[in-house]
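Thanks for making time. I have one structure to show, and I will keep to the geometry.

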Amino acid sequence: MAEAVRVGLIGGGLMGREAAAAIARWPALEDHPVRPVLAGVCDTEPERLAWFERIDTAALLTADHRELLAAEEIDVVYIAVPHHLHERLYLDAAAAGKDFLAEKPFGIDLAAGQRIIAAIERAGVFVRCSSEMPFFPGAQLAINEIRSGALGRPIEAQASFLHSSDIDPRKPINWKRQTRYCGELGVMGDLGVHALHVPLRLGWRPRTVYAATQDIVPERPGADGRTVPCDTIDNATLIAAVEHEHGDFPLTVETKRIAPGEANTWVLRAVGMNGGVEFSTRAPKTVRRFVLEDGRQAWQELQVGSQSVFPTVTGAIFEFGFADAILQMWAAFLAERAGALGDRFGCLTPREALDAHRLFAAALRSSRSGRAEPTVGTVQAADSP
Ligand SMILES: NC(=O)c1ccc[n+]([C@@H]2O[C@H](COP(=O)([O-])OP(=O)(O)OC[C@H]3O[C@@H](n4cnc5c(N)ncnc54)[C@H](O)[C@@H]3O)[C@@H](O)[C@H]2O)c1
């Protein structure tokens, strides 16, 4: 019998509702050791909170996160709020002794991330950070291909996350486009952790980074129709030098809000002297593999189906999508918390989130200096699997 775990959400916006939907779809998972129940929700906006009235099990609806954190009927919390609130709410969750799934970028900047890590390690709570895109079956195939060593000596790699709706200058402002809420990292804080999860998990530790950043649209319409500053970085391209036993190689990390034509395109590509692999959510069923055979070079296309890290009832040939990735991420989070992840791919660890912060901090220094900057202290994957 699967262990029941009572989940509370803090922040019932885009991601809070996505989490509620994933929990409601839990029976799609075959033989998972945990059975989550959405028991409570906190949001400061009454209409956001009212959305959760449709979920019978969510008995506790509150505007005060301290009430939710104090509730004995909540075992685990998911905290999905704007970046300037991460530190306060993550620290409160740790102080309340609650295990939690955090959101990226895990604090508004490196210093906040360091204080959060110190607090959760002191409290001894189980914490992971949200990053679902690596759970696409094509991404899993690419990860396994790289891990197998089939690529040989690495030549180069790319990890990208690309959006484009900001190409419309009439798109209204929101908190993600204002430094005081989103942070100085701008798009890196929004999309960068998604791009870095796999490189960090593969043990790729950048030594230096050169960053080209752009604030392309400096103003946007505000709530009352008046123009307000849109002061965040829209696009960031990082070239990181990764140390490797067979020789350093460049990792290009692209995070863009204005990449014309791209809608939530997550890309992982790595090529080496013996082989290569490429997966993009633009073609979510297809993985491309580079092979050398009898001196001939060929890119092959493989079709992957619906099955990811945790088996589901979904037919193996059916398509996989964003909501499936969220379900898999939650399955990994709750399985790992229950000590039942085994050797399966797991969620981003707090120390990996901190390593991402170190890279972003160096990237900000580089965008100011115009030079490659050292990612001081990046090699710290003490608790990374
Ligand atoms: N994993 C992903 O794919 C993904 C996608 C989008 C956003 N995110 C991350 O999720 C987090 C939230 O983003 P979002 O898009 O859901 O934002 P959102 O604006 O849609 O939702 C945030 C919610 O938090 C609520 N809130 C604000 N202050 C609060 C408080 N003190 N207590 C309780 N609720 C409060 C707001 O009312 C709002 O409903 C951010 O860290 C963001 O980077 C992750």
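This is a predicted model: local features need pLDDT of at least 70, side-chain atom pairs count only at pLDDT 80 or more; totals for chains, interfaces and linings use all residues.

The protein is divided into domain 1, residues 3–129, and domain 2, which is made of 137–318 plus 347–374. Between the C-alpha centres of domain 1 and domain 2 there are 26 Å. In the contact between them, 20 residues of domain 1 meet 25 residues of domain 2. On the domain 1 side, the elements giving two or more residues are helix H5, 110–123, and strand S6, 127–129. H5 supplies the largest share, 5 residues. By class, that side of domain 1 has 11 nonpolar, 5 polar and 4 charged residues.

Now the helix pair. How do the axes of H5 and H10 cross? H10 covers residues 350–369, and the two axes come within 9 Å and cross at roughly 165°. An angle over 145 degrees counts as roughly antiparallel, so H5 and H10 are roughly antiparallel to each other. Their crossing is left-handed. H5 makes the contact with Leu110, Gly113, Gln114, Ile117 and Ile120, while H10 uses Pro350, Ala353, Leu354, His357, Arg358 and Ala361. Sorted by class, the residues of this contact are 7 nonpolar, 3 polar and 1 charged.

Last, the ligand. Which residues come nearest to the ligand? There are 23 residues around it, and the nearest are Gly11, Gly13, Leu14, Met15 and Glu103. Helix H1, residues 14–24, gives the largest share of the shell, at 3 residues. The shell as a whole splits into 8 nonpolar, 8 polar and 7 charged residues.

Conventions: Residues are numbered from 1 along each chain as its sequence is written. A residue is near a molecule or strand if its C-beta atom, placed from the backbone, lies within 6 Å of it. Helices (H or I, at least four residues) and strands (E, at least two) are DSSP runs, numbered from the N terminus. Ala, Val, Leu, Ile, Met, Phe, Trp, Tyr, Cys and Pro count as nonpolar, Asp, Glu, Lys and Arg as charged, and the others, Gly among them, as polar. Domain bounds come from an automatic or database domain assignment. Two residues are in contact if their C-beta atoms, placed from the backbone, lie within 7 Å. Axes are lines fitted to C-alpha atoms, for helices over the stretch in contact, and angles run from 0 to 180 degrees between N-to-C directions. Angles under 35 degrees count as roughly parallel, over 145 as roughly antiparallel, 65 to 115 as roughly perpendicular and the rest as oblique. A crossing is left-handed if the near helix is turned anticlockwise from the far one by less than a right angle, and right-handed if clockwise.
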